[in-house]
Amino acid sequence: MSIAGAKQMLMDSRYPFDKVVYLKSGSFSMPGSSTIIQSYPHGLPFTPLCSGNWSTASDFSIQYEYSSGIYPSSNPGLVFDTIFNVFADSNNVYITGDNNGSAMTIYFRVYAFEPSNSNALLDPIASQGDRFVIDSRLNYPKLYLNGYIDLPAGGASESYVYIDHDIGTVPQAMGWVTYDTWNGSTMVSAIHPVATSNGDSEGILMIAGNARVAFGIPPFVLPHRAYYRIYLDE
Amino acid sequence: MNRPNQFIINSQFPTQKNEDGYSGNIIIPGSTSIPAGATATGRIDLIAGSIGSISRGRISSTKSTNPYVTQAISYTRTGTVSGSPAPYTMVAFIWRSAPDTLTFQVLLKNGYGSTLISEAGTETIQFYSSQFVAPYA
């Protein structure tokens, strides 16, 4: 069956379903005019690939993605008044944030995948999440490519490293980048979602096209490992 | 315990369930006057997904050679302040502004102490988002 045909199927045994191996929800108090880093031990034998959302509402009736947030900011140098990011290292999941507004309670949700270079034995977590594993009314994205690539250091101008997929349409894609520092502190091999700066002016983009995806490397950044998940689905 | 990376499907781990895909374009007129310290906004609200739905999205700009970026994106554009070139930040991102509402958003921030005239030429920001059922209990 062609790729085009596989995309029409509820499932295809050639392409794995996503498996969420970590879930975390919680809240914390965020002081006004402050920055924060919250850490949560994940207990996994690898560094997970994190994503998720945050909110100022306990029911997530208003919901932001990490690397975005509340606007506008009264600070002329900032677009967002309050913004949060998520990343992980070998021990913890971190929620980091900047708040230029008043004190508030922050609610967060994190879900994470296992990197392709791991084959760990894991405890099941289906009881922590949505119990309906398969529902024929919904589409299940089919994981087409799942891996990592070692990016070179940035040169004098922006550069790109490409991963061919040849699907023919722009696929769903997710990416993460490994940094060794955060906000000037050493944090070896921490994995951040793409485009979230590590606070040290290193923010690598992921770009998707109908034949390949790419990691965009800003000038002069250090070499990093990048992880990607590319799906058949658009 | 088992090794989920060895399985095509594994009912012991939540999976990602795609509800539907949504798209929209925000057109940004060129040479727009933005008062000092203000943020100009463009926005599309769609009734889409449900409370807590997560987004797997992509964003592109007609002024960028890149096809799509797969995350919130910050662009640098150059307008003028008092006739002199003035770089400024434009951000495009996706969020949920209400329980049933998916929002595509563009922000143009004037961080200067005087009126900013935004970059010349119309720019279209294209959004696409797949909405997923949240994997949490």
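The legends below describe close-up views of aromatic and neighbouring side chains in a predicted model.

**View 1. A:Tyr71 and B:Phe93 form an aromatic pair between two chains.** A search of the whole structure finds 17 aromatic pairs over all chains, and the pair of A:Tyr71 with B:Phe93 is edge-to-face, with 6.3 Å centre to centre and 75 degrees between the planes. Because A:Tyr71 lies in the loop between strand E5 (69-70) and strand E6 (82-88) of chain A, whereas B:Phe93 belongs to strand E7 (residues 84-98) of chain B, the pair joins two chains. A:Tyr71 is partly exposed, its relative accessible area being 21%, while B:Phe93 counts as buried at 0% relative accessibility.

**View 2. A:Tyr71 also pairs with B:Trp95.** The ring centres of A:Tyr71 and B:Trp95 are 6.3 Å apart and their planes stand at 90 degrees, so this pair is edge-to-face. B:Trp95 lies in strand E7 of chain B and A:Tyr71 in the loop between E5 and E6 of chain A, so this pair, too, joins two chains. With a relative accessible area of 8%, B:Trp95 is buried.

**View 3. Ring pairs link residues of chains A and B into a cluster.** From chain A, the cluster takes in A:Phe28, A:Tyr40, A:Trp54, A:Tyr64, A:Tyr71, A:Phe80, A:Phe84 and A:Phe108, and from chain B it takes in B:Phe93 and B:Trp95.

**View 4. Arginine side chains lie over tyrosine rings.** B:Arg56 is placed over the face of A:Tyr231, a residue of the other chain named here, at 4.2 Å from the ring centre. Within chain B, the charged end of B:Arg58 sits over the ring of B:Tyr68, and the distance to the centre of that ring is 5.0 Å.

**View 5. A:Tyr22 is a buried residue in strand E1 of chain A.** Strand E1 covers residues 22-30, and the relative accessible area of A:Tyr22 is 7%, which is under the 20% that defines a buried residue. When residues up to four places away in sequence are not counted, A:Tyr22 touches A:Tyr40, A:Pro41, A:His42 and A:Leu44, together with A:Val93, A:Val110, A:Tyr111, A:Ala112 and A:Ile125. The C-alpha atoms of A:Tyr22 and A:Pro124 are separated by 9.5 Å, although the two residues are 102 residues apart along the chain.

Key: Residues are numbered from 1 along each chain as its sequence is written. Chains are lettered from A and ligands numbered from 1 in the order in which they are written. This is a predicted model: local features need pLDDT of at least 70, side-chain atom pairs count only at pLDDT 80 or more; totals for chains, interfaces and linings use all residues. Side-chain values use heavy atoms; hydrogens and water are left out. Rings of Phe, Tyr and Trp (its six-membered ring) pair if their centres lie within 6.5 Å; planes under 30 degrees apart count as stacked, over 60 as edge-to-face and the rest as tilted. Helices (H or I, at least four residues) and strands (E, at least two) are DSSP runs, numbered from the N terminus. Buried means under 20% relative accessible area, exposed over 50%, partly exposed in between (1.4 Å probe, protein chains only). A charge sits over a ring if NZ of Lys or CZ of Arg is within 6 Å of the ring centre and within 35 degrees of the ring normal. Contact means heavy atoms within 4.5 Å.
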